[in-house]
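Colleague: I am new to this structure and would like a close look at one part of it, the place where the chains meet. Could you take me through that part with some care?

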Amino acid sequence: MRRAVGIGGLRRKEAERLAMSKKGTELSQREIEKLREQIAMMKDNLEDFVREHQRDIRNNPAFRVKVQRMCQLIGVDPLSSRKSYMSELLGVGDFYCELGIQIIDICVATRSINGGLMDLDELLRRLIRRRLKGSEPVVEDDIRRTISQLKPLKGGYKIVCFGKRKMVQSVAREMNSDQAKVMTLAQYTCKFTMEDVRVAFGWDEDRIHSCVDDMLRSGIVWMDEYNEAYPEYWVMAFFSQLNSTLTMANAE
Amino acid sequence: MSNTTAVPTPGAFQFPEIYNFPPFFTRQPNESTWQEQRRQWCDLILAYYRHNRLYSLTLAEAITEPPFTNRQIHRSLRVDVLRELVDDLVKQGNASWTGAKNAKDSCLVLWRKPEVWASMIYQWANERGLFNTVLTVFELANGDDTAGQEFHNLDSVTLRRALDVLQSQGKAQLFVGTSDDDMGVKLFA
């Protein structure tokens, strides 16, 4: 019976309306009353649960993810409205707000180096490093939720994927499909030459030049003239993650 | 920030992550990327020179060595790019060209500005009650009395710059000797 309820004010109202539109019998009225009671009880139970486990929700990311999924199934999104009772109850309004500010901060600070494109794992690494000891731990899921909250901002924050690479884009830019293809081509080696592109896709010189110029102009790619005849183009966002993993491994 | 040893900082220099990025050694065609790149290079030069207590740089020689060559990734900065970077440092008061005028082939790297050296020396003299005494520049740099001071063993050209600052501030008088080492200085309140 509980599952059939499918809480959402909308469904409830629908049920009410349907029930009312039929010349309802007393029995229907009683059923509606029962539904209302059950919904109120569920809401109370959920509130009690969240209140009791507030600290765990903030400090345990795995638990937090589970609670949020449960809320979503029930039809309550704690982040959808800052004024919503759930976000106040969960006390997570502050958490995501703070995370959002930190993410924006990191993206803005690195924009001139990576053209507004950063590996998701690297962003996580930087966030963890930056957050004070004792503050709530952060996982990838938190970043994804925060980024979706940041969508309305002019920055154009979103998650983009190139093959297996997950990146956070923080500049309002539409990458055309040629560039996206080249990014995917370079996802493991971090770099490419114009010759690599020609061999992989068979494009003519003008098309390749135009694509590479766009990527240079947007700042996501750096040029390496070590071999002047075949300059290499490196994707900074891909390299950073690779390098930091190596650096951390060497440090240990 | 205060480092009371007058010798190179122990421990290897920590290069920034970007130092292993091959394109870091190519002047970038994208203007805003280049702005960021030059800023990082300037910071790196000053940090590296400070860490190793190095004071001067001859461009043609320097590019074959760290930090301008990274052997692990087989990359070197070009001399004309280094020249641009030194010009940046000159503009911010952290370097000055030496050698033939307009040749731009050698320079001092002022990872600590002469004014700051000057005030350190002045403060030391004040604390030791050495105003109105003539000291040789040599003993200022190398004497036992200054052992443990930041400016102990300071490169002579840089030291001379610092003393020039004090002189222009009216806090010192320099006396020319038969050589730079003989040069004397009197500091006063």
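Modeller: A polar contact is a pair of N or O atoms within 3.5 Å, and within protein one of the two must be able to donate a hydrogen and the other to accept it. In this predicted model, six residue pairs are in polar contact between chain B and chain A, both residues of a pair being at pLDDT 80 or more. On the side of chain B that touches chain A, helix H1, residues 31–51 of chain B, gives the most, with five residues. Sorted by class, that side of chain B holds nine polar, six nonpolar and four charged residues.

Taken as a whole, the interface brings 19 residues of chain B into contact with 19 residues of chain A, and the area buried between the two chains is about 1,700 Å², with carbon and sulfur atoms giving 59% of it. Within chain B, the residues that lose the most area to chain A are B:Glu17, B:Phe21 and B:Arg75, which together account for 33% of what that side buries. B:Arg75 also forms a salt bridge with A:Asp224, in which the closest N and O atoms are 2.6 Å apart, and the rule finds two salt bridges across this interface.

Turning to the nonpolar packing, the largest core has 84 residues, and those with the most contacts inside it are A:Phe192, B:Trp41, B:Leu57, B:Phe68 and B:Leu82. H1 of chain B supplies the largest share of this core, eight residues. Apart from this core lies another, of 17 residues, among them A:Tyr96, A:Cys107, A:Leu120 and A:Leu150.

Technical notes:
Residues numbered from 1 in each chain as written. Chains lettered and ligands numbered in written order. Predicted model: local features only at pLDDT ≥ 70, side-chain atom pairs only at ≥ 80, totals over all residues. Heavy atoms only, no water. Contact = heavy atoms within 4.5 Å. Buried area = accessible area lost by both parts, 1.4 Å probe. Salt bridge = Lys/Arg side-chain N within 4 Å of Asp/Glu carboxyl O. Polar contact = N/O pair within 3.5 Å; in protein donor to acceptor, adjacent residues only side chain to side chain. Helix = DSSP H or I, 4+ residues; strand = E, 2+ residues; numbered from the N terminus. Nonpolar A, V, L, I, M, F, W, Y, C, P; charged D, E, K, R; others polar. Core = buried A, V, L, I, M, F, W, Y, C linked by side-chain atoms within 4.5 Å. Buried < 20%, exposed > 50% of the residue type's maximum accessible area, 1.4 Å probe, protein only.
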